[in-house]
Amino acid sequence: MSVGEQALSTGPGIPLSLRGPAPVRVVAGFGFWLFLLSDIILFAALFATYSVLSGSTAGGPTAAELFDKKHVFLETMCLLASSVTCGLGSLAVQRTDTRAVYFWMGVTFLLGATFLTLEGREFAGMVAAGAGPSHSAFLSAFFTLVGTHGLHVSLGLVWLVIMLLQVTTLGFQPMVGRRFFAFGLFWHALDIVWIGVFTIVYLGAK
Amino acid sequence: MDSQLQAQGAAPGVDARDRHGARSYLIGLLFAVPLTIASFWAATTSFVYAPAVPVLLAALAIAQMGVHVAFFLHISSAPDQTNNLLALAFGVFVTGLIVFGSMMIMTHLNHNMMSMDELMKMQR
């Protein structure tokens, strides 16, 4: 640390009012963290809706009749594994190890895409069996909640592809590192939301 | 840099002590997989007293969310994480208000309402 930086910075002895601004990385990370929490509050509203309406089947199929737990277990494991590979990919970004970034983030993408394929197949099967979102309040709430999560995963995959393109074109600039870092937080947060989904929607089905 | 982290807080997801280690992700995986398997087991087994299953599922889910927050998002109670932890606490608080508040209100409403069947009969 140079003398100039030291003067700017921030030992515990310097009063709060005289400290310089926090580094961009910290500010950007905290801002994205606040966004993620607001996103989780959005999901909270959808979870509340689902919990209230999960019994309103309008004479149609109930949750217990519709869901296949083995299928959901596979989806869960895909997402959990992708969360870990995403973490390993973030570490590779910090090391600026291009090959490892492509490998781990590629695996993350494949696992995320597998998850979406499984979910899409489940949705298509339900709609084909006449249990589409228009059938009952329960199914509307189900498709809204799980569909919103799936939409987040899809957007995450698009984001991941863009980030890999940026690594190729821009290299590991601080800006790219920050964006990758935010992507990691986003992906982990989606996995946490999925814990709520599989517990309340699929395992809590009566 | 370390003193700066101490003074101004760290971004969420940054573990100052283990910045280049894959260890925390592997520990997280080691905890998360058995918790997931336990959840799916609890939902299908008849080994657990049936009315207790939802409580068990809730406990397992909260434990797994805790594992994810600690080992994947690296949120801890370290001094440089105070901002992140406070924001998380507020998020959890609002989530709880929305979910449990809605459920409580709607259950009481349903309780005070005439059942749908009787309502239909009256309209005829």
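Me: Why is Ile98(B) called partly exposed?
Reply: Ile98(B) has 19 other C-beta atoms within 10 Å. A residue is buried with 20 or more such atoms within 10 Å of its own C-beta, exposed with 12 or fewer, and partly exposed in between, the C-beta atoms being placed from the backbone; Ile98(B) is therefore partly exposed. This is a predicted model, in which local features need pLDDT of at least 70, side-chain atom pairs count only at pLDDT 80 or more, and totals for chains, interfaces and linings use all residues. Residues are numbered from 1 along each chain as its sequence is written, while chains are lettered from A and ligands numbered from 1 in the order in which they are written.

Me: What makes Ile41(A) a contact of Ile98(B)?
Reply: Two residues are in contact if their C-beta atoms, placed from the backbone, lie within 7 Å. Not counting residues up to four places away in sequence, Ile98(B) touches Ile41(A), Ala44(A), Ala45(A) and Ala48(A).

Me: How many residues does each chain bring to the contact?
Reply: Chain B brings 43 residues and chain A brings 44. The side of chain B divides into 25 nonpolar, 17 polar and one charged; Ala, Val, Leu, Ile, Met, Phe, Trp, Tyr, Cys and Pro count as nonpolar, Asp, Glu, Lys and Arg as charged, and the others, Gly among them, as polar.

Me: What makes a set of residues a nonpolar core, and which members touch the most others in the largest one?
Reply: Such a core consists of buried Ala, Val, Leu, Ile, Met, Phe, Trp, Tyr and Cys residues joined through C-beta atoms within 7 Å. In the largest, of 70 residues, these are Phe47(A), Leu145(A) and Val201(A).
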